[in-house]
Amino acid sequence: MGQTVCGAVERAGDMELVARADPALRAPLPDALAERPDVLVDFTVPETAVVNARQAVAAGVHVVIGTTGFDPAELDELAGAPANVFVAPNFAIGAVLMMEFARQAAAHMAGAEIIELHHERKLDKPSGTAARTGALMSQAAPALGEIPIHSVRLPGLVAHQEVILGDVGQTLTIRHDSTDRESFMPGVLLAIRRVRELTGSPVVGLEHLL
């Protein structure tokens, strides 16, 4: 994802890639922040995303986070900071629509379950998208309780999710498939362009920018 984001930024006519950070490549985050970027985009691992956000905000750099597997409430301490933080469990526009349609449908069906499927290198189970979908559905239809989530990790997958809703004599399936990481780039670029304009921070969910 990091390589794909860097490529998307380099191709964007209104952006400049000023630094890359990856400790595995001997490119630590403080060195990248020393280049005085406007925005840090974080696709790392749950254990470091919050720490990275703190460092960036302390340097006055806005943050866009695509890392999942941590509680976004951990970022609440950054509210009111001079730099904004934006988090999205999924940057694909279709995935955002899938979550919204599932939220709407939940209020009208008797039960629901979620199946999320990702590549074998994805660390968190369930995915951030599935967790947020389930939370949105439960908020819309408290009678459903906590929505069961099933996780699949296999080679050949990228990012896929099915929400299956059932009622008497019928089922409804809402599915989204990302077959290439490029599907996330329009949402990432949108967040980079808009993060500095946020009137509140942190903000979770790409739907707030659409």
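## The second largest pocket

Helix 5, which covers residues 128-140, gives the most to the lining of the second largest pocket, contributing four residues. The structure discussed here is a predicted model, and in it the second largest pocket is lined by 16 residues. Of these lining residues, Phe70, Pro72, Pro89, Gly128 and Arg132 are the ones that lie nearest the centre of the pocket.

When the lining of the second largest pocket is sorted by class, eight residues are nonpolar, five are polar and three are charged. The space that lies in this second largest pocket comes to about 260 Å³.

## The cavity

Empty space can be looked for in a simple way, since rolling a probe the size of a water molecule over the atoms shows where such space is left. In this structure there is one cavity of 30 Å³ or more, and the largest cavity has a volume of about 50 Å³.

Which residues line the largest cavity? The lining is made up of Asn90, Ala95, Met98, His118, Thr129, Ala159, His160, Gln161, His176 and Ser178. The elements that give two or more residues to this lining are helix 4 (93-106), strand 6 (159-167) and strand 7 (170-178), and strand 6 gives the most, with three residues.

How many nonpolar, polar and charged residues does the lining of the largest cavity have? By class, the lining of the largest cavity has seven polar and three nonpolar residues, while no charged residues are found in it. For the second largest pocket, by contrast, the lining includes three charged residues.

Methods. Residues numbered from 1 in each chain as written. Predicted model: local features only at pLDDT ≥ 70, side-chain atom pairs only at ≥ 80, totals over all residues. Heavy atoms only, no water. 1 Å grid on protein atoms, 1.4 Å probe; cavity = no way out; pocket = protein on both sides within 12 Å on 5 of 7 lines; lining within 4 Å. Points joined across faces, edges and corners; volume = space filled by probe spheres on them. Nonpolar A, V, L, I, M, F, W, Y, C, P; charged D, E, K, R; others polar.
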